[in-house]
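Let us take a friendly walk through a protein fold together. Have the viewer ready and follow along as the parts come up.

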Amino acid sequence: MKTFAIGGIEETVVERTDVPPSELKKILGKETVAVIGYGTQGRGQALNLRDNGVKTVVAVRPGKSFELAKSDGWTPGKTLFSDIGEAVRKSTVVEYLLSDAGQKANWATIRDNLQDGAALYFSHGFLIVFRDQTGVVPPANVDVILVAPKGSGTTVRRLFLEGRGINASFAVEQDYTGRARERALALGIAVGAGYLFETTFRNEVLSDLTGERGVLMGAIYGVMRAQYQLLRKMGHTPSEAFNETVEEATQSLYPLIGENGMDWMYANCSTTAQRGALDWYRKFEEAVMPVFDELYEEVRSGRETAHVLDANSRSDYHQQLQKELAEVRNDEIWQIGAIVRDLRPERQGGSRTGSARTSAKKAAPAKPAKAGKSKPKAKPKTKKKAKARR
Ligand SMILES: NC(=O)c1ccc[n+]([C@@H]2O[C@H](COP(=O)([O-])OP(=O)(O)OC[C@H]3O[C@@H](n4cnc5c(N)ncnc54)[C@H](OP(=O)(O)O)[C@@H]3O)[C@@H](O)[C@H]2O)c1
C-alpha cells in the first residue's frame, strides 16, 4: 500500500504486492465467479481471472459474444452458459458486465437468482447511482462492490499478458458479509489491476462519464477536428493537417506526457514550441471551461445517463451506431489518417528499413512508449538525452 497527500487529500493505493497469490487464493479460493457478459470488459476480466486460477464461468446470451467465448475455450454447459440465471445461481461472485443498458434490461434475472452472501460486482457506478432510472436496487443480503479498470477491456487483457497491470478504482457500496472490501481488492488484482485507488460508486460514475465525454474521447476529437478543419480551410494539405493534429500527438508527444508528465514533454520540445504552448494553453482552458461545467451538470443531473439508456436500449441501436461510426471513419481527417498510418515504416512489412528509419530512431526521444502503453511510474532518468522533434 502506498499513501500520498496532494491538494490536502490523503490517498491510499493498494498494489499488487498487497494481495500476493497466496492471499488471493485465501480470499477467492472458495468463490465461483460468474462473469455476465462477454464484451470487451467481460472477456478481458474473465480470461485474466481464469489465468489467475480463480474458478470462473461466463454467461451471455446466444450470439456473437457467446461464440467468441466458445472460441476462447469456455465450455458450454460447464463454464459457459446462455442462461444467465443458471450461472448466477451457481456462483458466489457475480461480475455484472453486460452493456449498461443490457444490465438494466436483465436486472430481474440477476436479482432473483443471487445467493445469500454473494458479491455483486460492477465495473461502473452507473446502475447503482442512477437507480431511479435503472431500477437496480440490490437485495440487502449481498455485498455490492465495484472494480472499474481505467481502460478498455482489450487493454485489461493486453497489459495482463505483458505481465503489467491496468490502473483501476474500487469501491464498496454494501458490506453484508464483512468481507466486501477484501473481496473487491482480491477481485481487482485477479482481473488484472496493477494497483487500485479507492472511490465511491457516485464519484466513479461522475468522473468516468465526464472523462470519456471530455478529454479522453469527446473533447479530444472535437479539438482535433476543429484544428484540422482550420488548417484545411487555410490551404494546408490533408497530410500536413493530419500530421500536425493527430499523428504527431499520438506518435510523439502524448506518449511523452504518459512517460514523465506535461512539463517534461514541454521541456523536451524546441523553445519555439514551448513558448507557444505555454502562452496558449490557458486560452484553451478558458474557452472550454464553460463546456466542461455544462457537461458535469448534465452528468450529475442524470440527464446524460437517461439519454444513454434511451439510445442504447433502442432495437436499432447497433445499426445506428454503425452509421455514426461510418460517418467518423469517412470524415476526411480519418481518411487521410488511414493513409498516413500505413506510411509508418513498421506497418510496411520490413520494406522500409533503410537509413531514414535508422536516423529517425537516433533522433527519437527516449523510446516513447506506444499510446496506452506508457509506464505510469517511469523515472525521468532520460531527461537529458530526450528531445522531441518540436
Ligand atoms: N469498455 C470500457 O472501456 C469499460 C471500462 C471500464 C468499465 N466498463 C464497464 O464494464 C461494463 C461492460 O462494458 P463493456 O464495454 O464490456 O460492454 P460491451 O462491450 O457493450 O458488452 C456488451 C456485452 O453485453 C451483452 N449484451 C448487451 N446487451 C444485452 C442485452 N440486452 N441482453 C443480454 N446481453 C446483452 C453483449 O452481448 P452480444 O454480443 O450478444 O450483444 C456483450 O456480451 C459496463 O458497465 C461498462 O460501463 C467498460
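Is the crossing of helix 1 and helix 9 left-handed or right-handed? Before the answer, a word on what you are looking at. This is a predicted model, in which local features need pLDDT of at least 70 and side-chain atom pairs count only at pLDDT 80 or more, while totals for chains, interfaces and linings use all residues. Residues are numbered from 1 along each chain as its sequence is written. Helices (H or I, at least four residues) and strands (E, at least two) are DSSP runs, numbered from the N terminus.

**Helix pairs**

The crossing of helix 1 and helix 9 is left-handed. A crossing gets that name if the near helix is turned anticlockwise from the far one by less than a right angle, and it is right-handed if clockwise. The table sets this pair beside two others; axes are lines fitted to C-alpha atoms over the stretch in contact, and angles run from 0 to 180 degrees between N-to-C directions.

| Helix pair | Axes come within | Crossing angle |
|---|---|---|
| Helix 1 (residues 21-28) and helix 9 (residues 180-190) | 10 Å | roughly 125° |
| Helix 10 (residues 201-213) and helix 14 (residues 271-301) | 10 Å | roughly 140° |
| Helix 11 (residues 218-233) and helix 12 (residues 238-260) | 9 Å | roughly 150° |

Angles under 35 degrees count as roughly parallel, over 145 as roughly antiparallel, 65 to 115 as roughly perpendicular and the rest as oblique. Helix 1, crossing helix 9 at roughly 125°, is therefore oblique to helix 9. In this pair, L24, I27 and L28 of helix 1 meet E182, R183, A186, I189 and A190 of helix 9 (contact means C-beta atoms, placed from the backbone, within 7 Å). Sorted by class, that contact holds 6 nonpolar, no polar and 2 charged residues. Here Ala, Val, Leu, Ile, Met, Phe, Trp, Tyr, Cys and Pro count as nonpolar, Asp, Glu, Lys and Arg as charged, and the others, Gly among them, as polar.

Helix 10 and helix 14 are oblique to each other as well, with a right-handed crossing. Helix 11 and helix 12 are roughly antiparallel, and their crossing is right-handed. The contact of helix 11 with helix 12 is made up of 7 nonpolar, 2 polar and 3 charged residues.

**The sheet**

Now find the strands. Strands of a sheet pair through backbone hydrogen bonds, either parallel or antiparallel.

Strand 1 runs antiparallel to strand 2 (residues 9-15), joined by 5 bridges. One of the pairings puts F4 with E11. The two strands form a hairpin with 2 residues between them, and G7 in the turn has a positive phi of about 60°. By contrast, strand 6 (residues 93-96) and strand 7 (residues 119-122) run parallel, with 4 bridges, and V93 stands opposite A119.

How values were computed:
Two strands pair if DSSP finds at least two bridges between them. Two residues are in contact if their C-beta atoms, placed from the backbone, lie within 7 Å.
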